Amino acid sequence: MTPPVAPLAEPLVDRFGRVHRDLRVSLTDRCSLRCTYCMPADGVPWLPGADTLTTDELVRVAGVAVGLGVTEIRLTGGEPLLRRDVVDVVRRMARLEGPAGRPEVSMTTNALRLPMLAGPLREAGLARVNVSLDTLDRERFRALTRRDRLDDTLAGIAAADAAGLRPIKLNAVAMRGVNDDEVVDLVAFAVERGYEMRFIEQMPLDAGHTWVRARMVTGEEILERLRGRYALTEVPGRGSAPAQLWHVDGGPATVGVIASVTAPFCGACDRVRLTADGQLRSCLFARTETDLRVLLRSGADDDALATAFRRCIAGKRPGHDIDDPTFLQPDRPMSAIGG
Ligand code: SAM
Ligand code: SF4
C-alpha cells in the first residue's frame, strides 16, 4: 500500500534563512569497530535499549520530516548495519512521500556487514553508501579501529559496488603521523575503482575528549600532498555539500575535502540530526536537544512532532564555534550523535 502524500507544509527554515532538507538518522550508538577518533577502546556508556526508537517510531519521525520538505535521509550511527531491522527501515523510509516526492535514502557505514546486506538494501530502496576507509594498511587499520577487519571492509565496499549502491564515497579522517602519508594511495585506490575519496578534518567529537587543534591535519595540508601527485581543479557548484570537490587529473574522477574545522560550511548547512534515542539536534555540536521520544511515547500527533522540528531548527546557531574560546565539546561522542 502506498502511504498518503504528506500535505504541503512550510519548509524547515531557520533564523538565518537556511532551508533544512537533509535528515541524518542514527539507528544505533553501537559499533563493530572502535575508531580512535570516535569511540574509546572499552567502557562505552551505551544508550539504554528501551530508549532506542523502534522501527515504527523511526519511520514516523522520518515521515514528518519528509512532510516538512526533507528530501535526503542518511542512515548512520554507530554502525547502522548492526540494527536487525535495517532493511525494513530502508524499505519504509524510501517509500515515504512528501511535497517534493520520495526522499533519497543513503547510508554511512563501516561496510563490515555489506557482503550480506548490500543486495537486500539495494532492493529495499537504498540509493548509495558512504564507507569509512582510513587506511589500506592492515596493521594501521587494526591500530586505528582496534579491530583486525580491513579485509572485511574491503569486501563490503566491493559488495556495495556489485549491488549498484553507487556512487560509492569513501571517507577518511586524516590524522597526523597515523595515515596522513596515505592520502595519495587512498585516492589512487578510489580512482582505479570509480569511487570518490573524501578526506575529513578530525573534529572534537571523540569520546575521550583528546582532540587538539594543533595536531589536526588541515584540508590545505591534504590538498598540498595531493597536488604533489595529481592536478586538481576545483569543481564549482558546491551548494550545501560538506565536501569541496576537486577533479583529479582533469576528471571525471573527483576527490573531496571536508574542512569542517578550518573552512566551516555552516552558512550553507541544511542538516538536522535524529539520535538513536529520539533526540533531535540542529548541529553536530549542539548543546541542546529536542526530545521527540517523549512526544512519540506520550501520544503526540504529527503536528506536535512537526512543531518540535520547527522549534529545534529555530534554535539553530549560526555556526559550530569550534574556534571560540568558550567552545565546549558536546557530551555525546560522534558514535552517539550520528555522523
Ligand atoms: N560507523 C559508520 C562509519 O564509520 O561510517 C557511520 C558512523 S560514523 C560516526 C560517520 C562518520 O563520522 C565516519 O565517516 C567517520 O569517519 C566520521 N567521524 C567519526 N568521528 C569523527 C571525528 N572525530 N572527526 C571527524 N569525523 C569523524
Ligand atoms: Fe564505529 Fe563509525 Fe565510529 Fe568507527 S567511525 S567507531 S566505524 S561509528
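This report describes the fold, a few helices and strands, and some backbone details of a predicted model.

## Basis and confidence

Residues are numbered from 1 along each chain as its sequence is written, and chains are lettered from A and ligands numbered from 1 in the order in which they are written. In this predicted model local features need pLDDT of at least 70, side-chain atom pairs count only at pLDDT 80 or more, and totals for chains, interfaces and linings use all residues, while side-chain values use heavy atoms, with hydrogens and water left out.

The chain has a mean pLDDT (the predictor's confidence in each residue, from 0 to 100) of 92, and 96% of its residues reach 70 or more. Residues 1–8 have pLDDT below 50, and this stretch has 12 contacts (heavy atoms within 4.5 Å) in the model beyond near neighbours in sequence. Where pLDDT is low, the predicted coordinates should not be read in detail.

## The sheet

Helices (H or I, at least four residues) and strands (E, at least two) are DSSP runs, numbered from the N terminus. Two strands pair if DSSP finds at least two bridges between them. An open sheet of 12 strands has the order β7-β8-β9-β6-β5-β4-β3-β2-β1-β10-β11-β12, with mixed pairing. Its edge strands, each pairing on one side only, are β7 (232–234) and β12 (290–291). β7 runs antiparallel to β8 (residues 244–248), joined by three bridges, and E234 stands opposite W246 in β8.

Strand β3 (residues 104–109) has five of its six residues buried (under 20% relative accessible area; exposed is over 50%, partly exposed in between, with a 1.4 Å probe and protein chains only). β3 is parallel to β2 over four bridges, with M107 in β3 as the bridge partner of L75. β3 is also parallel to β4 over four bridges, and here T109 has V131 in β4 as its bridge partner. Two right-handed β-α-β units include β3: one is β2, helix α2 (residues 86–94) and β3, and the other is β3, α3 and β4. Right-handed means that, with the strands pointing away from the viewer, the path from the first strand over the helix to the second runs clockwise.

## Helices

Helix α1 (residues 55–67) lies across β1, β2 and β10, at about 170° to β1. Helix α6 (residues 183–193) lies across β5, β6, β8 and β9, at about 150° to β6. Axes are lines fitted to C-alpha atoms, for helices over the stretch in contact, and angles run from 0 to 180 degrees between N-to-C directions.

The 13 residues of helix α5 (residues 150–162) should span 18 Å at 1.5 Å a residue, which agrees with the 18 Å between its end C-alpha atoms; the expected span is 1.5 Å times one less than the number of residues. Its buried residues, among them L150, I157 and D161, pack against α3, β4, α4, β5 and α6. G164 follows α5 and has a positive phi, near 85°.

## Loops and backbone

R332 is found in the loop between α9 and α10. This residue is buried, with a relative accessible area of 13%, and its contacts include D277, E289 and I337.

Most residues other than glycine have a negative phi, and most peptide bonds are trans. R146, in the loop between α4 and α5, has a positive phi near 60° and is partly exposed at 30% relative accessible area. D249 has a positive phi near 45° and is partly exposed at 45%.

D249 lies in the loop between β8 and β9, where P252 is also placed. A cis peptide bond joins G251 and P252, with omega about 5°. Another cis peptide bond joins R166 and P167, with omega about 0°; P167 is in the loop between α5 and β5.

Conventions
Lists of a residue's contacts leave out its neighbours within four places in sequence.
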